[in-house]
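Let's read a fold together, one feature at a time. Have the model open as we go.

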Amino acid sequence: MNEPEDAAVRRAVEPVICYPNETLPEVPLGHFLRAREGAVKTGEVMVPPRDAACFRVPAGHFFRISSVEGAQVGDLNLWNAADLSERFYSGKTRALHGTHISTGERMWSSFPALRPMATIVSDTLNWYGMDEFGGSVHDVIGTRCDPYTGNLLSGAQYHHCCHSNLTRALADELGLTLKEAEPHVHDVLNVFMCTGFTRDTGQYFMKASPVRPGDYLEFFAEIDLLGALSACPGGDCSSEHTSDAAACYPLLVEVFAPVARALEGWESPSLNEYDGSHGR
Ligand SMILES: [Zn+2]
């Protein structure tokens, strides 16, 4: 290897955070949690194993994703219910909050809106933190399991990857063909999934999710949302996905409405204020 003489010096330079997030709009978590106290359940959807389902959450309502029956990972897509072109932006969420998100952190939307779509208000897996392998829960580093990568790596024709499940669910919800629905499916929040990057090779890894029945991740909807959740064919993602080999369980989505005036003073976030002129 033709390392320069000062290689060690260059490597020793201390990193700086790309996007210091102290100037992000403050999360009124206390306000949200007080509003949640009196909230009333307005609906639920049970997502079948190796399949997906859509759900709708009005701005100012809460939604909870719960593990039921067994350890199961979920792949979550979110869209602005009134405009599918505004959707969850996994990469920018990662840049702002890090590889995994939890209480008080947000799911941000795509350009040009770039605003909070949902804020995590409760996470029963908060205790997990970062394990000795560099693994943590609820990542925004994976994409979603999909039949194309499965085919690339093993020649398989498997039809119940999260990508396909989300495509079918969105098509059914909106009366679209699969071809019309597929381009709207995007990189997910990996709910309950335990993942990281290996320290030596930097490869994406997964390990058995620490989730157990009764655990949940709960969100406050910042805008009117259309959501789709897939109960990944990987089950707890301890061994493999893109097959029917793993034990899979349903996931429960519940929606809660706050009582009147509980959110007084809160406003749905406005669109990003960049003027869009790009220097012309
Ligand atoms: Zn999956």
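This is a predicted model: local features need pLDDT of at least 70, side-chain atom pairs count only at pLDDT 80 or more; totals for chains, interfaces and linings use all residues.

A: Residues are numbered from 1 along each chain as its sequence is written.

Q: What is the order of the strands in the open sheet?
A: Strands (E, at least two residues) and helices (H or I, at least four) are DSSP runs, numbered from the N terminus, and two strands pair if DSSP finds at least two bridges between them. Here the order of the six strands is 1-13-3-11-7-6, with antiparallel pairing. Strand 1 (40-47) and strand 6 (106-108) have a single partner strand each, so one side of each lacks a neighbour in the sheet.

Q: How many bridges join strand 7 to strand 11?
A: Five, between residues 116-123 and residues 216-221. In this pair, S122 stands opposite E218.

Q: Which strands does helix 2 touch?
A: Contact means C-beta atoms, placed from the backbone, within 7 Å. Helix 2 (residues 29-37) touches strand 3 (62-67), strand 7 and strand 11.

Q: Which residues of helix 3 are buried?
A: Buried means 20 or more other C-beta atoms within 10 Å of a residue's own (exposed: 12 or fewer; partly exposed: in between), with C-beta atoms placed from the backbone. In helix 3 (residues 90-97) they are S90, T93 and H97. What covers them includes strand 6.

Q: What about phi just after helix 3?
A: G98 has a positive phi there, about 105°.

Conventions: Two residues are in contact if their C-beta atoms, placed from the backbone, lie within 7 Å. Axes are lines fitted to C-alpha atoms, for helices over the stretch in contact, and angles run from 0 to 180 degrees between N-to-C directions.
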